[in-house]
Amino acid sequence: MNFTELLRHVGIFGGAVIVSLALLSVFSVAMIIDKHRRFSSTTRESEKFKPEFKKFLHGGDVQNLVEAGRLHPNSHVAQVVSAGIIEYDSVGQSGGDPTASLELVTSALRDSISETLIQLKRGLGFLATIGSTAPFVGLFGTVVGIINAFRSIAATGSGGMSVVSGGIAEALVSTAMGIFVAIPAVVAFNHFTGKIETFHVEMNRASSQLVNRLFKIPELKGLDVEMADVKAPTVKKEGPAYATR
C-alpha cells in the first residue's frame, strides 16, 4: 500500500489532523524563509558597515559613519551605533557636557540592543511552538487512528486488512506528518537562536568600542600621555659654561 492509497483510507478526523499539520508546515516554511532572508540581509549589510565603523574608531569622520548607517538600515550593528551617535549628538547640541552624557549614551545603546534583539527574535516563538507541539498533534492522530481500527474490528467481528486499513492509515500518516513538520522547525529554531547570540555579541562589542571612542576614560588619558612622553625625543639643554679662574 503506497502513500496515495493510505490517504484514501484516512477518515474525516484523521484528515482534519493531517490538514492541520500541513498548514503548520506551510507556516513554518514561510517563517523559516522570512527569517533566513532577514538574517542574511542584516549579516550582509553589517559586513559592509563594519569597515566604516573601524575607520571612525581610528579617527575617522563622524559624518561618514552616519551616512554609512543610513545606507545600511537593516544592519544590526549600524542600528546600535547610530542610536549612540544620535544620543551623543543631541546632548552636544543641547549644550550639555558631552562627558557627562556617558550614562545617557550607554542607556541609548542598551535600549537599541534590546529593540534590535526583539526584532530579530520575532517569529522564533512560533517555530518553537510548532517544533514542540507538532509531534503531539501527530501522536493524537495516531491514537485516534488506532481507536478507529479497533472500532472497525469490533463492528465487523474480524481483523482483516480491509477492516483496519482506515485506522492504520490515519495512525501512520499522522505520525509521519507530525515528525515531518517538527524536524525542520526545531532545526531552524536552533540555527536562528545561534545566529542571534552571535549578533548580540557583535552589538555589545560595537557598543563598547563606540563608548571608548566617544568618551575618554581617565586611565586611558594617562596612558596616552605616558606613551607620548616615551615616544617624544629628549633634548638636553646645555647652559652657558663658566670658566673658573
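## Fold

Helices (H or I, at least four residues) and strands (E, at least two) are DSSP runs, numbered from the N terminus. In this predicted model, the secondary structure of the protein chain comes to 8 helices and 0 strands. Residues are numbered from 1 along each chain as its sequence is written, and side-chain values use heavy atoms, with hydrogens and water left out. Local features need a pLDDT of at least 70 and side-chain atom pairs count only at pLDDT 80 or more, whereas totals for chains, interfaces and linings use all residues.

## Confidence

The pLDDT, which is the predictor's confidence in each residue from 0 to 100, averages 80 over the protein chain, and 76% of the residues score at least 70. Where pLDDT is low, the predicted coordinates should not be read in detail.

## Packing and burial

Of the contacts in the protein chain with a separation of 6 or more, 79% come from residues 24 or more positions apart. Of the 245 residues, 32% count as buried, where buried means under 20% relative accessible area, exposed over 50% and partly exposed in between, with a 1.4 Å probe and protein chains only.

Phe 126 is found in helix H6 (residues 124-156), and this residue counts as partly exposed because its relative accessibility is 33%.

Terms used. Contact = heavy atoms within 4.5 Å.
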